[in-house]
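Here is a short report on a predicted model. Please keep the sequence and the structure open while reading.

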Amino acid sequence: MALNVDLYDAILNGNAKKAHAATEAAIAAGVEPMALIQESMVPAMDEVGRLFECEEYFVPELLLAGRAMKGAMELLKPLLTAAGQKMAVRVVIGTVKGDLHDIGKNIVASMLEGSGFEVIDLGTDVSPENFVAAVEQRKPHVVCMSALLTVTMPAMKLTIDALQTAGLRTQVKVLIGGAPVTHQYAKEIGADGYSENANGAVGLVKNLLAGEAA
Amino acid sequence: MTCDLVRIRLEPLSVELKLPLGSSLIAALAAHGVEFPCGGMGECSGCQVRVLSGSLLVTEADSATLTPDQLAKGWRLACQARAHESLVLECGQWRMQILADDNPSDPIPKVGALATMVAPSIPAVISRERAGDQSASSSRGLAVAIDLGTTTIAAQLIDASGNVLAVETALNPQAAFGSDVMSRIRAALEGQDLTTPIRVALGQIVARLARGRASQVAEVLLVGNTVMHHLFGSLDVEPLAHVPFQSPNLAEQRFTPRDLGWDLPSDCVVRFARCIGGFIGSDILAGIVAAGIALGDDLTALVDLGTNGEIAIGNRHGIVCASTAAGPAFEAGSIRMGMRAVTGAIAYVALVDGTLRPTVLGDGAPRGICGSGLVDAVAAGLRSGSILANGRIADGSKNFPIALPVVLYQSDIRELQLAKGAIAAGFRLLLKRLGAQVSSLHAIHLAGAFGNYVQIESALRIGLLEAPHSVIHAAGNTALRGAKMLLLAREEPQLPPIEHVSLAADPAFQDEFAACMTFPENL
Ligand code: B12
Ligand code: FES
């Protein structure tokens, strides 16, 4: 296992410039893109998640680390495509209809991406129909929904119902989150999982898919 | 079929209730004024009761929100509890409220100060002749101004010269449906009646204010945010439940006392002033009037450090405003040991020779911390190096002792970072919208109770406000003062266009918010 210390440190410290430079240098040196992701980026975001979990990092650090990771990923993506390589797990994520709060959703998206999943971000105010369309077209393994308002939480249920009606519910795992959402609510509306933070979201995706494989 | 009843006694007021066996406590307790801040979702732990006799099961939500120690002492969330036997309960909120009585706090501007503020604008509207209303009003000289807040209500009876003749304050009875506007909207959409309770409560307040002279009341003016405006007027709140949060019904609402069931002369005019846009209502409109923003060429700002975090900045040529949705941290709502500014609350914290010197309201031992204490404590922690600029407690211990048993947890500091980051980011973006710099600000008026209590020095240290100390002033209840000025003005004051800026639509918000969440390095 070859850890690229420069890239690892740059992501951990949220330094986008250094992350970009380290990635360019690694590519120039002929490092396999997939190896760079799995052996340096994923461990870095893992550590970011751990630091957040033990309350050392907070939202600003998560956003900065996410940005550094994203910058590096943008350089690697075209190379992966060219090599015909794909991430094993695909996630569709969005903030539900009626809601424009996206900071938490963005953090979850970058933690997932940084954990080596392909993430398709539908943005904010995403209607149940648009979630359904994305599931049809992109065939994700997981759908993540975020809501920050008590009044937009019911849109999560509507989306799950719409997936059901479209006959797609069994093809995807549905995860929900956002400050007012609870474990209880997730159970009530038939979601497959809930986590109170972005780090937990990564663990959930891993567990759910592991459970499925088993 | 028989219906078994259980008896509940609520201490320390010794209120006796009877409930059907196995039923939820919410309705019965709410009827006696107990608040359910998160609407009974089991999330805020604001509805705690302690079992003094009998027993209540520990629910999932109890274990998630209360500490093992609290559970062992018998504390439970009232909103989750079901009564399976007769009980004696201690109501956490009442404990504070009763103690609060011997420690009065006055959110209302002093009468003298008010008189000087409105003095130039005599003679009063109360006696002005309205088109099509030449009636008796000129022979009557009294009016009522009401600030209808999401949490509290403040009302005053004034005469034609602006003298305050009577004052009433109360809690908003809609609090039984949740503490923030969103919970109220949800309750209304679920078919609950939030209009009747507030009309009844305000009717009683007006009756108390005007006792013995109701016949002289010519006008009542209410101000409040858009949700209060809609719920009072029985307007549909559905448009306020989703993007873009714009209701078609923002105009002034007029009522007769008979519409409302209020005991006032039939030709008395009751008005709820117009909203500005989004959730920003006439309380901010009145605040703009009270702060004199529209009067001069100098840039002046009004900041309401409440849950909605409204900010208005401008001058006589134009005003921009936004709501930054700070959340309840300044009211210590989301703080583990947070409480209102009543007896037992740490209200101030000074740093003297490297040690924390807390000031506890009343004489007793510290029981919790209120908003001003929280801001002070974090400012002191930053000064002493116990709290780092990124918000971490330096020694990694995850809690910062203020005055035992009161400590700040790491998560409390995070909550404060979110709230103050939202306000500061909103302020920066509004200044940017005006193309202005902090240095061109003539004054910043802090509205609301928290604005009155918070130490400006500390607010600056944590980066909640970013401006020279000399331009920042505590302005008290600007909504109520503005409402009175509107009542007394000879004619509607001419206001420049007020632009409501939706921060949600601004892609720059996230970066600004993240930047503002960290604390200033050295100040
Ligand atoms: C920032 C903010 C805003 C910004 C949003 C900017 C943006 N682009 O997102 C602005 C100022 C625009 C805004 C506007 C409004 N807001 Co606002 N806002 C906040 C604030 C201050 C912080 C929210 C936040 O970003 N937190 C940080 C992120 C990182 O946390 P998070 O979102 O919870 O995400 C974490 C977890 O929940 C989890 N997670 C999130 N999503 C998911 C998804 C999955 C699948 C999983 C597993 C996990 C997960 O992981 C994340 C990281 O760990 C809160 C109050 C507060 N102090 O919390 C109010 C708050 C959420 N807003 C509120 C309100 C009411 C509004 C408005 C409706 C009204 C207003 N006053 O203006 C508007 C509506 C906007 C809209 N159209 O949707 C209320 C909601 C109350 C309620 N009961 O519903 C709050 C609580 C404030 C309050 N008044 O009490 N807001
Ligand atoms: S926890 Fe009971 S009302 Fe919030």
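In this predicted model, helix α7 (residues 195–209) of chain B packs with helix α8 (residues 226–233) of chain B. On the α7(B) side, the contact uses T195(B), I198(B), R199(B) and L202(B). They meet L231(B), F232(B) and G233(B) in α8(B). By class, four of the contact residues are nonpolar, two are polar and one is charged.

Chain B also holds an open sheet of three strands, in the order β16-β15-β17. Its pairing is mixed. The edge strands are β16 and β17 of chain B, and each pairs on one side only. The strands run as follows.

| Strand | Residues |
|---|---|
| β15(B) | 345–352 |
| β16(B) | 355–360 |
| β17(B) | 368–369 |

β15(B) and β16(B) pair in the antiparallel sense, over six bridges. V349(B) has P358(B) in β16(B) as its bridge partner. Helix α11 (residues 371–384) of chain B packs on this sheet. The helix touches β15, β16 and β17 of chain B. Its direction makes about 20° with that of β15(B).

Which protein residue gives the cobalt atom of ligand 1 its single donor? The residue is H101(A), through NE2, 2.3 Å away. H101(A) sits in a loop of chain A, between β1 (90–95) and α5 (103–114).

Terms used. Residues numbered from 1 in each chain as written. Chains lettered and ligands numbered in written order. Predicted model: local features only at pLDDT ≥ 70, side-chain atom pairs only at ≥ 80, totals over all residues. Heavy atoms only, no water. Axes fitted to C-alpha atoms, helices over the stretch in contact; angles between N-to-C directions. Helix = DSSP H or I, 4+ residues; strand = E, 2+ residues; numbered from the N terminus. Contact = heavy atoms within 4.5 Å. Nonpolar A, V, L, I, M, F, W, Y, C, P; charged D, E, K, R; others polar. Donors = N, O, S within 2.8 Å, 3.2 Å for Na, K, Ca; no water. Pairing = 2+ DSSP bridges.
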